[in-house]
Amino acid sequence: MPVAPNAAEIPEPDDVALTPGILRRDIFGAAPHAHVLLAEEADRPAGYVMYHFGYWPADAAASLHVVDLFLREAMRKRGIARALMLAAGDILRRKGGRRLIWTVWDQNHPATAFYQRLGARFFAEERLMTLRV
C-alpha cells in the first residue's frame with residue numbers, strides 16, 4: 001500500500017529540528033559531514049541527494065551512503081531522482097568505490113519500487129541499528 005502523499009514522518013523522541021543554520025554548519029561549512037547534489041529545473045531547486053562516504057570491507061573499497069533523496073512533489077516522475085542516484089554512483093566510481101548504501105522506510109512502497117527499478121536489492125542479512133550518544 002503506498003504512503004499517503006502528505007503522511008507525516010514518525011519522529012523519534014529525541015529528534016532535533018533541522019534548521020537552515022544547522023544545514024549551513026554541517027553540510028556547507030568548512031568541514032562538512034555530508035555532501036549534497038542539487039537538481040534544478042528552470043533555475044529552481046527540484047530535489048537533492050545528500051550523502052557521505054564510508055568504507056565497505058567486503059568490497060575493500062569506498063562506499064557512498066545516501067542519507068536523503070528528496071524531490072519536490074511536482075518534480076517527481078521526471079527522471080530526476082534516477083539522475084541524482086546515477087550521479088552519486090559516478091562520484092563513488094571516481095573514488096574507486098563500488099557500493100551505494102541507503103535505507104528506505106518499510107511503508108514507502110513507491111520508493112522501494114523505484115530503488116528496485118534502479119537495480120537495488122534489499123540487504124536482508126543485516127538490520128539497521130542506532131545508538132544515541
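**Close-up views of a predicted model**

Y115 is buried, with a relative accessible area of 10%, where buried stands for under 20% relative accessible area, exposed for over 50% and partly exposed for what lies in between (1.4 Å probe, protein chains only). The structure is a predicted model, in which local features need pLDDT of at least 70 and side-chain atom pairs count only at pLDDT 80 or more, while totals for chains, interfaces and linings use all residues. Residues are numbered from 1 along each chain as its sequence is written, and side-chain values use heavy atoms, with hydrogens and water left out.

**View A. Confidence along the protein chain.** The protein chain has an average pLDDT (the predictor's confidence in each residue, from 0 to 100) of 89, and 89% of the residues score at least 70. Confidence is lowest in helix α1 (residues 20–26), where the mean is 90, and highest in helix α2 (residues 80–94), where it is 97. Helices (H or I, at least four residues) and strands (E, at least two) are DSSP runs, numbered from the N terminus.

View B. M85 is buried, its relative accessible area being 5%. Leaving aside residues up to four places away in sequence, M85 touches V49, V66, L69, L100, W102, F114, Y115 and L118, a contact being heavy atoms within 4.5 Å. From M85 to L118 the separation is 33 residues in sequence, but 8.7 Å in space, C-alpha to C-alpha.

View C. A search of the whole structure finds five aromatic pairs. The pairing rule takes rings of Phe, Tyr and Trp (its six-membered ring) with centres within 6.5 Å, and counts planes under 30 degrees apart as stacked, over 60 as edge-to-face and the rest as tilted. Y51 is buried at a relative accessible area of 6%, whereas F53 is partly exposed at 30%. W102 and Y115 form a tilted pair, with 4.9 Å from centre to centre and 55° between the planes. This pair links distant parts of the chain, 13 residues apart: W102 lies in the loop between β4 (99–101) and α3 (109–118), and Y115 in helix α3. W102 is partly exposed, at 23% relative accessibility, and together W102, F114 and Y115 form one aromatic cluster. K95 lies over the face of F53, at 4.5 Å from the ring centre; such a charge has NZ of Lys or CZ of Arg within 6 Å of the ring centre and within 35 degrees of the ring normal.

**View D. Salt bridges of the model.** The count comes to five salt bridges, each a side-chain nitrogen of Lys or Arg within 4 Å of a carboxyl oxygen of Asp or Glu. In the bridge between R78 and E41, the closest N and O atoms are 2.5 Å apart. That pair links distant parts of the chain, since R78 lies in the loop between β3 (61–71) and α2, and E41 in strand β1 (residues 35–41), 37 residues apart. Both partners are partly exposed, R78 at 47% and E41 at 34%. D90 and R93 form another bridge, also with the closest N and O atoms 2.5 Å apart, and these two residues lie in helix α2, three residues apart, about one turn of the helix.
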